[in-house]
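Take a look at the model below. Some questions and answers follow.

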Amino acid sequence: MRPLLWAACSQLLPQGAGLCAPKPALTTLVTTLVTTSHHSLRPPAPLATSSSSLSAFAAFLRPLVPGSRAPTRWSSRFNVPPSALLVARPVGVCSMMRLPLQASAEGLDAAFVGVPLDTGTSNRPGARFGPRQIRAESAMVRRCNGSTGAAPFDSLRVADIGDVNVNLYNLPDSCRLIRESYQGIVASGCVPLTLGGDHTITYPILQALAAKHGPVGLVHVDAHTDTGDTALGEKIYHGSTFRRCVEEGLLDCSRVVQIGIRGSSYDPDPNKYCREQGFRVVPAEECWMKSLEPLMREVRAQMGDKPMYISFDIDGLDPAYAPGTGTPEIAGLTPAQALEIIRGCRGLNIVGCDLVEVAPMYDASGNTALLGANLLFEMLCVLPGVKTL
């Protein structure tokens, strides 16, 4: 290891800086390593200073696809988050799980996509910065799910395809831009995993998904049902998302489950509309101090094998765990229950997911965004086609 470190330093310091020159072969190898993108690195191998060992090591580390700078799993076609054992977490462009950035969803099985919009918020703004902070905190998320055995990066080709270029000054126009962007993603056969953004964004996303799959089932985790009609005379905002979806026939209402609903209301029976549509509403009180695995067995039976969507508002969790959001409500779900809900969706025909309403400036610790990043990883782990190791 010492010769390798000396060689690396020799590439960073000017000539004559006082370093003893290591063996030329090793210097050449490290020059290649330090001048190649970290996305080209592979798992570590024993180091040696012999020319034959160095040659083998260099072959082991070379990019699998000539000309490609994307991280690929050795002997496979998959993108893999770089290990912090090889590449320091602060290094590189900030992308979801430090995956490669790609201009479109072409060739991908699943893609992380940001929608930095909070024009539809009714209380504290700031969710437009959610995608950026979730990506930053996602550097802590590793490639395998040690709890479930899920290995998404050994099963699916995944990348970060950047953000939708929303119009912050025009909410209906932003909905159009989101819908058109997702139509392209869906047309490529890719499953979108969305970093929000306020909950308004789910409406145009479901417009794009329903255009391909027909009305979809929905597992909706939230403190609020988001089935309001109008606010300040406007019909599109983050509290009306699922009423608009019902009106347009985007949801299979017999397969809609809303979990974690709570808080004060303007009406004595705030969930009446949802029940009238056939939604199953699970108030937070029914979740307190218990496992949600039995609930999710029922949800799986209700969803069947038809297409369904997961929409997770971070305010579904108690603000003790996720304070960085715009409309917090006390006495919510725990992170462990959030994992039970998402993991309980394994085996379903998931056609898309989102994690919305992270507003990072209300949580200086970054823990809300870290929680969001982990929940998105859990969603990736339950997508169809993900195998366990």
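Helices (H or I, at least four residues) and strands (E, at least two) are DSSP runs, numbered from the N terminus. This is a predicted model: local features need pLDDT of at least 70, side-chain atom pairs count only at pLDDT 80 or more, and totals for chains, interfaces and linings use all residues. Residues are numbered from 1 along each chain as its sequence is written, and side-chain values use heavy atoms, with hydrogens and water left out.

Q: Which loop holds L232, and what is the phi of L232?
A: Most residues other than glycine have a negative phi. L232 is not a glycine, yet its phi is positive. The loop lies between β4 (216–221) and α7 (241–247), and the phi is about 55 degrees.

Q: Which residue does a cis peptide bond join to G196?
A: Most peptide bonds are trans. Here omega is about 15 degrees.

Q: At what angle do helix α5 and helix α6 pack?
A: Two packed helices are described by the angle between their axes and the distance between the axes. Axes are lines fitted to C-alpha atoms, for helices over the stretch in contact, and angles run from 0 to 180 degrees between N-to-C directions. The axes of α5 (residues 171–187) and α6 (residues 202–213) are 8 Å apart. The angle is about 35 degrees.

Q: How many residues in the contact of α5 with α6 are nonpolar?
A: Contact means heavy atoms within 4.5 Å. Among the residues involved are I178 and Y182 of α5 and L209 of α6. Ala, Val, Leu, Ile, Met, Phe, Trp, Tyr, Cys and Pro count as nonpolar, Asp, Glu, Lys and Arg as charged, and the others, Gly among them, as polar. Two are polar, two are charged and the nonpolar ones number nine.

Q: Over which residues is the pLDDT below 50?
A: pLDDT is the predictor's confidence in each residue, from 0 to 100. The protein's mean is 86, and 80% of its residues reach 70 or more. Where pLDDT is low, the predicted coordinates should not be read in detail. The stretch below 50 is residues 1–71.
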